[in-house]
Amino acid sequence: MGQDKPKGSVMVVGGGIAGIQAALSLAGAGYGVHLIERTPSLGGMIPNLHRIYPLCACCKLDPRISACEQDPNINVMLDSTVLDISGDTGNFSVTVKTANDEKTVNTGAIILAAGIEPFDPTKYDTYSYGSHPNVLTSVEYEQIQRPLGPEKGILRRPSDGHTPKKIAWLQCVGSRDINQCDAPYCSSVCCMSALKEAVNTKEFDEDIETTIFYMDMRTHGKGFEDYLNEAVSRDVQLVRSRVHTIDPVPGGNDLEIVYAGEDEQLQKETFDMVVLSVGLRPSGEAIELARKIGVHINGNQFVDKEPFKPVSTNIPGIFVCGGLSGPFDIGESMTQAAASVSEVAAILGPESFSPPPGYPKPAKSAAKSPKVLLAYHFCPGMAPGLSADLEKQAKEIPGVSATIRVDGDILSSITDKIKETDANRLVFASCTPAVHKNLIEEALKLAGLNPYLYETVDLRAIDPGTAEVQLRDRIRMGVARVALITPPPLRQIPVVKRALVVGGGIAGLETAVAISREGYPVTLVEKEKGLGGHGRHVKSTWQGYDVQKYLKGLISSVKKEKNIKVMTEATVKENKGFAGKFVSIVKQKGKEKSISHGVSILAPGGNPIEPREYLYGKTKNVYLWSELSEKLLKDPKSIEDANAGVFIQCVGSREPDMPHCSNFCCSFTVRTAVDLKIKNPDMSIYVLYREMRTYGERENLYKEARDKGVIFIRYDLENKPVVESLDNEGRLKVTVYDPILERPVGLKADFVSLQSAIVGNSNQELADIFRVNLDRNGFFAESPEKMKPVDASSEGVYLAGIGLYPKDTGDSITQAKAAAARALEILSQDKVQVGGMVAEVNPEKCAVCCTCVRTCPFSVPYIDHETGAAYIDPGLCQGCGICVAECPAKAIVMGTCSDEMLIEAPAVLFA
Amino acid sequence: MSDNFKPKIVAFYCSNCASSAASVAESMNKALPDNVKIVQVPCTGRIEILHLLKPFEEGADGVYVAGCQEDSCQYVTGITKAAKRVAYVKKTLEQLDIEPERINIYNLSAGKGQAFVDVALEMNDIVRKLGPVLSE
Ligand SMILES: Cc1cc2nc3c(=O)[nH]c(=O)nc-3n(C[C@H](O)[C@H](O)[C@H](O)COP(=O)(O)OP(=O)(O)OC[C@H]3O[C@@H](n4cnc5c(N)ncnc54)[C@H](O)[C@@H]3O)c2cc1C
Ligand code: SF4
Ligand code: SF4
Ligand code: SF4
């Protein structure tokens with residue numbers, strides 16, 4: 001159990017989303033945390049942004065900030081910077097400069113999370129940035145879009161206050177450029193954020209023309225390609241061209257852009273405003289600090305890290321997460337933050353500042369007559385008129401004893417208001433109440449109430465013309481129902497201290513290691529004979545690290561670990577239960593075994609599809625990319641000696657049947673091409689692509705490939721390449737239409753590698769068994785609560801690796817560590833609470849007819865012979881209410897959706 | 001019947017698909033008509049025959065249930081059970097000399113978000129053609 005670990009507190013440097021998340025998880029795991037932030041407030045970049053892609057989740061930040069401020073185990077130090085660090089694990093001594101003095105803080109481990117700074121485009125003198133008011137950076141543009149920002153969300157152009165009719169976005173400003181700005185890498189987030197800004201502009205006013213000038217549209221993440229398609233369907237224009245000059249139109253406020261279209265013809269277009277999608281830089285001051293204390297910095301000026309240790313610096317005890325270590329988006333930054341917590345746990349035992357805060361004992365609220373608090377929240381995307389209507393309605397609905405509009409810190413505003421007004425029930429209205437459920441329940445608990453004494457009101461799909469009626473109906477319904485809730489009984493159940501990991505690939509193995517080293521037993525279920533999954537066919541990471549060597553080490557440490565029970569040739573057949581207490585039936589070689597566990601981690605991985613095009617399977621030398629990679633491991637000569645090879649990208653991906661981008665195929669291709677060129681500089685290598693998505697620091701490799709003479713030819717879906725077999729020797733010819741030469745070209749090749757779409761392995765099956773949702777591309781859906789990137793849609797189930805979305809080795813390892821950190825949060829608790837929105841049998845009324853036993857889709861009710869009545873385990877009941885409706889004796893009740901509520905509903909609505 | 005007849009419609013929505021479908025509807029700028037009044041249930045399987053008849057007693061002109069697809073109900077059999085109850089209520093309505101078309105069941109899915117609003121409009125049309133319930 002790591003008894004010889006030193007104990008201590010942890011310092012987190014940087015209070016952006018990564019730092020905040022790390023601090024909260026650390027405090028949850030029992031550590032005292034010093035959170036150091038340079039500016040006067042927490043939040044980092046996010047408070048500057050208008051909505052967040054792909055799903056808006058701005059409302060999730062403020063509650064986290066105030067949780068940091070209120071947690072007695074988090075010592076928030078604002079206006080503070082770190083001057084120096086000395087010492088080692090368990091015993092660091094940090095010099096902190098605060099607003100008015102300098103002090104030394106002792107701490108056991110350090111997480112650097114100092115984040116990003118947007119690139120300053122002033123030095124691009126052809127863009128008129130700084131000299132023309134209508135040229136803005138993307139950060140400035142998002143400020144204008146924010147409803148709570150200086151312009152109150154009303155889009156006006158800075159020069160004359162007119163509503164713009166045409167807006168242009170220029171991509172890659174301060175990225176992918178070594179001539180003017182020394183940043184060869186791609187900033188990875190700006191294609192998506194430009195799409196987001198354009199879509200939100202359309203939402204503000206459908207008639208504003210939006211045009212994005214780009215080089216490659218990099219929508220490589222989970223759900224991003226769907227977002228791109230949606231943007232295009234909303235008439236966001238995309239023009240593939242890098243723009244060099246923005247010319248102010250003389251005598252006015254407009255701006256002219258001259259660009260070369262795809263046919264190389266020069267075109268001119270005038271815009272009202274131009275937004276520069278500026279790249280990301282690591283926080284300068286923090287990089288200086290890192291350098292000073294000996295942390296390695298890479299060629300792109302980010303903190304250096306290895307793919308197999310994705311949150312570690314070269315100094316033991318000092319970790320890094322978020323934008324300081326690469327251009328990462330919010331989801332990635334949060335995943336890394338969770339991963340760094342799991343790494344801290346491995347080397348340092350927790351030492352807290354004070355015991356964790358508890359909840360007040362629930363008062364007997366049911367005994368009192370209902371006193372309803374109506375809380376409402378405005379989301380940035382909501383129609384502007386709606387908020388005014390809502391304010392008005394809130395005051396007029398009978399039965400409401402107090403109202404509050406919550407912004408920012410939803411949690412404490414509700415808790416405080418309940419206490420202040422002595423309310424005992426809550427109606428909460430927001431655009432997507434499902435997102436706020438946990439916050440609401442937490443607020444009720446903190447206020448000393450039963451956490452299920454609330455109803456939600458959904459503010460979507462309201463017709464602005466009749467908003468008043470619709471709002472009134474919906475709120476009235478909520479108020480009537482909440483008064484009728486009987487507070488359901490709650491029970492504490494001991495946590496089963498074991499994890500079940502499904503999948504023995506890199507992600508599953510890493511999760512198992514990270515959980516077991518904290519002293520908890522793990523059962524790892526793998527359906528194949530051997531461990532390693534798809535990793536066994538991978539030669540190297542995109543950075544060039546040897547995957548086989550790493551994997552061997554990982555597998556042997558799993559086999560050595562007594563706490564990990566590996567079951568190969570085994571599959572999970574059934575799963576029941578809830579976070580803290582699951583039971584799974586695992587079938588291994590014909591035998592079934594029941595395993596109790598407190599958490600489940602799904603890491604079933606994925607595989608490339610077998611294409612039905614490009615002569616795959618019909619002729620030799622046409623490989624699937626996994627096959628090529630295997631060949632390079634087992635018989636490298638056969639490929640390295642070739643005269644010519646062709647790589648075809650997006651095979652099956654990004655087509656109507658399978659719209660997602662498979663994320664790492666572009667990086668695989670440039671890595672492999674560069675390696676082949678190093679071995680055999682004379683080989684001709686062609687890459688036929690639709691969009692090169694070498695996002696982030698992978699871009700450097702793309703450049704290296706071009707420098708080494710790899711030829712890249714773009715093709716369109718309407719004009720796919722054609723593969724022909726030339727002879728029986730396996731020589732091939734690939735014909736592709738070259739958009740620059742404007743004619744088809746024929747390429748002779750000794751091999752063709754098909755980078756086909758990656759799909760999940762057994763996602764559907766596992767989703768059914770574990771009762772979690774998939775997204776529309778068949779990958780596991782993240783928790784609907786958002787900003788929980790490795791949580792599945794049900795509590796206690798965590799996700800890692802390709803099953804969640806295609807990703808490379810390094811990213812899978814990060815997720816695995818993050819999933820482990822989340823799992824440990826439950827495993828380290830002694831009890832979990834069950835009950836709530838569930839059905840309950842009244843034994844006096846039960847006629848023992850067994851109707852519920854037969855109808856429950858989850859086989860929950862059984863006849864308890866001691867009481868002579870049916871019994872429903874509140875931990876297992878899923879709360880559907882089917883048995884409640886079926887029971888002929890009306891012996892089953894559901895306090896949160898009672899007969900009374902449903903029978904009274906029409907009268908309330910027609911009143 | 002008069003053209004400005006605005007029927008009173010009660011809609012029972014399962015909260016799972018109602019929530020995800022509503023977000024799609026919202027992103028497509030589709031709104032529900034104000035005469036369709038929603039009652040949410042955890043699963044359509046919770047709805048009993050009495051709950052479906054009650055709105056008619058209170059003066060509704062139409063009632064519908066909107067739940068998941070038959071094969072993707074989170075609670076497996078909820079929507080199938082609801083379909084049976086709706087069929088039963090149709091018969092009951094017939095016996096009371098009320099058009100059985102006044103009650104209906106629809107299958108939504110998270111992917112078909114526009115259906116969230118489309119079914120409301122369809123039901124609205126059906127009931128508008130039928131006119132108000134003629135009570136004796
Ligand atoms: C225009 C734009 C739009 C974007 N849109 C999106 C989007 O829609 N979705 C998305 O996922 N991502 C988006 N991003 C990216 C997103 O902002 C980052 O992924 C995220 O902010 C990274 O979080 P972080 O905590 O690592 O860094 P930050 O948010 O930058 O936070 C770092 C914190 O550390 C503090 N700090 C810095 N140096 C020190 C020091 N020496 N000592 C103490 N404190 C220090 C800083 O003041 C700051 O508070 C966008 C970025 C830009 C520029
Ligand atoms: S290609 Fe990369 S650097 Fe350029 S705009 Fe897109 S994400 Fe940003
Ligand atoms: S090849 Fe793969 S990574 Fe590149 S754009 Fe196509 S699907 Fe995306
Ligand atoms: S409410 Fe649903 S899950 Fe719970 S016991 Fe009844 S039928 Fe089963």
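**Helix packing and ligand shells**

Mentor: Start with α16(A) and helix α17 (residues 699–707) of chain A: their axes come within 9 Å and cross at roughly 40°. Axes here are lines fitted to C-alpha atoms, for helices over the stretch in contact, and angles run from 0 to 180 degrees between N-to-C directions. That angle makes α16(A) oblique to α17(A). Angles under 35 degrees count as roughly parallel, over 145 as roughly antiparallel, 65 to 115 as roughly perpendicular, and the rest as oblique.

Trainee: Before we go on, what kind of model is this, and how is it numbered?

Mentor: It is a predicted model, where local features need pLDDT of at least 70 and side-chain atom pairs count only at pLDDT 80 or more, while totals for chains, interfaces and linings use all residues. Residues are numbered from 1 along each chain as its sequence is written, chains are lettered from A and ligands numbered from 1 in the order in which they are written, and side-chain values use heavy atoms, with hydrogens and water left out.

Trainee: Is the crossing of α16(A) and α17(A) left-handed or right-handed?

Mentor: Left-handed. A crossing is left-handed if the near helix is turned anticlockwise from the far one by less than a right angle, and right-handed if clockwise.

Trainee: Which residues meet there?

Mentor: From α16(A), S667(A), V670(A), R671(A) and V674(A); from α17(A), L701(A), Y702(A), E704(A) and A705(A). Contact means heavy atoms within 4.5 Å. The contact divides into five nonpolar, one polar and two charged residues. Ala, Val, Leu, Ile, Met, Phe, Trp, Tyr, Cys and Pro count as nonpolar, Asp, Glu, Lys and Arg as charged, and the others, Gly among them, as polar.

Trainee: Which elements supply at least two residues each of the shell around ligand 3?

Mentor: β35 (644–651) and α16 (665–679) of chain A. Helices (H or I, at least four residues) and strands (E, at least two) are DSSP runs, numbered from the N terminus. The residues around ligand 3 include C650(A), C661(A), C665(A) and C666(A), along with R654(A), E691(A) and R693(A). A residue is near a molecule if one of its heavy atoms lies within 4 Å of it. The shell has four nonpolar, four polar and three charged residues.

Trainee: How does α4(A) pack with α3(A)?

Mentor: Helix α3 (residues 138–145) of chain A packs with α4(A) at about 30°, with the axes 11 Å apart. So α3(A) is roughly parallel to α4(A). Their crossing is left-handed. S138(A), Y141(A), E142(A) and Q145(A) of α3(A) touch S193(A), K196(A), E197(A), N200(A) and T201(A) of α4(A). That contact has one nonpolar, five polar and three charged residues.

Trainee: New topic. How many aromatic pairs are there over all chains?

Mentor: The search finds 18. Rings of Phe, Tyr and Trp (its six-membered ring) pair if their centres lie within 6.5 Å; planes under 30 degrees apart count as stacked, over 60 as edge-to-face and the rest as tilted. F308(A) and Y550(A) are stacked, 4.1 Å centre to centre, with 0° between the planes. They sit 242 residues apart, with Y550(A) in helix α13 (residues 547–560) of chain A.
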